[in-house]
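Me: I'm new to this one and would like to get to know it step by step. Could you walk me through it?

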Amino acid sequence: MNISERIESLLQEIEDLHAQKAQEVEELRVRLLGKKGEITSLFDEFRNVPAEQKKAFGQKLNALKNAAAAKINELKEAMEEAATSAVSSDLTKPGDYRELGTRHPISITREEIIDIFKRLGYAIATGPEIEDDYHVFEALNFPPEHPARDMQDTFFVSDGANPVLLRTHTSSVQVRTMERSKPPIRVICPGRVFRNEAISARAHCIFHQVEGLYIDKNVSFADLKQSILLFVREMFGPDTQIRMRPSYFPFTEPSTEVDISCNICGGKGCNICKGTGWLEIMGAGMVDPNVLKASGIDPNEYSGFAFGMGIERIAMLKWQVRDLRLYFENDVRFLKEFETSI
């Protein structure tokens with residue numbers, strides 16, 4: 001059999017090659033392409049081919065070598081795929097360990113607050129985080145140039161007659177609710193808010209609030225006090241007491257700051273409450289008549305109360321978290337501490 005016939009014979013053999021094991025593939029490679037392989041020996045005989053035929057035979061030999069290498073690689077890949085498939089389908093092998101995550105303490109606290117107020121008859125209202133000046137300030141009795149606007153450092157998105165900004169409180173949701181609803185209104189407004197503040201252990205530029213609004217006929221300050229008392233006893237325990245101190249908010253009159261008896265020392269005084277026995281948790285008050293008028297509600301017929309609290313603050317008091325920044329760092333060691341709270 002001359003060289004040309006041997007080349008054609010090997011090409012046909014290569015097309016029909018198959019293997020069941022990786023070792024068989026290696027044996028085929030050595031037989032064809034090894035130092036003493038059949039294709040290697042053909043290259044040794046190539047020197048005896050007449051000069052005028054070298055070009056044609058050289059092309060055929062290169063094509064044969066490339067075909068053999070491609071077939072060997074194809075068989076190797078098939079072996080690797082078969083091995084991978086066998087491993088993945090072996091149901092007797094132990095599974096890969098996947099560590100379970102946990103819910104964030106802010107989410108846990110938020111859902112607990114919502115659940116309490118749902119049981120008190122409150123619906124949930126939401127609104128945009130990017131708001132206009134009217135709904136964040138003007139409709140809430142913050143006139144232009146009013147000094148109360150300086151109480152909240154604001155992130156402005158655009159200027160103009162009605163500037164666009166990142167909401168500084170979820171009270172804007174209360175305004176939108178009053179605009180599209182008729183009394184009686186009983187809603188809570190959970191959401192994320194933004195203020196241009198330096199980040200520290202006790203402050204952050206992003207935080208979460210839950211605000212509440214109740215408007216109906218003959219709503220009194222006594223209703224506000226009782227609602228807050230019911231909430232704090234559900235959240236912090238049945239022995240929790242509240243204390244209300246006079247305060248000022250442009251959208252409520254009268255206004256109050258609400259404290260609870262320290263849930264760590266039971267009101268006796270400790271380092272958490274700085275020896276006072278009280279912890280501040282929220283601001284509240286009766287809705288100012290001007291706010292009702294701005295939303296088309298007759299203050300002569302209806303009255304109401306509003307309150308607002310920071311979710312981070314409630315979570316800090318509930319679990320004695322000393323640094324607000326921990327909520328935003330996604331440290332799994334910190335998050336694992338709340339697995340039992342789910």
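This is a predicted model: local features need pLDDT of at least 70, side-chain atom pairs count only at pLDDT 80 or more; totals for chains, interfaces and linings use all residues.

Me: Which strands and helices do the buried residues of helix 7 pack against?
Reply: Helix 7 covers residues 171-180, and seven of its ten residues are buried. Among those buried residues are Val-173, Val-175 and Met-178. The buried residues pack against helix 6 (133-136), helix 9 (289-294), strand 2 (130-132), strand 5 (185-194), strand 6 (206-216) and strand 10 (303-310).

Me: Which strands are the edge strands of the open sheet?
Reply: Let's read along the sheet: its seven strands have the order 1-5-6-10-9-8-7, with mixed pairing. An edge strand pairs on one side only. That gives strand 1 (123-124) and strand 7 (242-249).

Me: What is the bridge partner of Ile-260 in strand 9?
Reply: Strand 8 takes in residues 252-261, and strand 9 takes in residues 278-287. The two run antiparallel and are joined by eight bridges. For Ile-260, the partner in strand 9 is Leu-279.

Me: Is Ile-3 buried or exposed?
Reply: Ile-3 sits in helix 1 (residues 3-15). Leaving aside residues up to four places away in sequence, Ile-3 touches Leu-42, Glu-45, Val-49 and Phe-57. Its relative accessible area is 15%, and buried means under 20%, so Ile-3 is buried.

Me: How many Å apart in space are Ile-3 and Asp-159?
Reply: Along the sequence, 156 residues separate Ile-3 and Asp-159. Taken from C-alpha to C-alpha, their separation in space is 87 Å.

Note on methods. Residues are numbered from 1 along each chain as its sequence is written. Side-chain values use heavy atoms; hydrogens and water are left out. Two strands pair if DSSP finds at least two bridges between them. Helices (H or I, at least four residues) and strands (E, at least two) are DSSP runs, numbered from the N terminus. Buried means under 20% relative accessible area, exposed over 50%, partly exposed in between (1.4 Å probe, protein chains only). Contact means heavy atoms within 4.5 Å.
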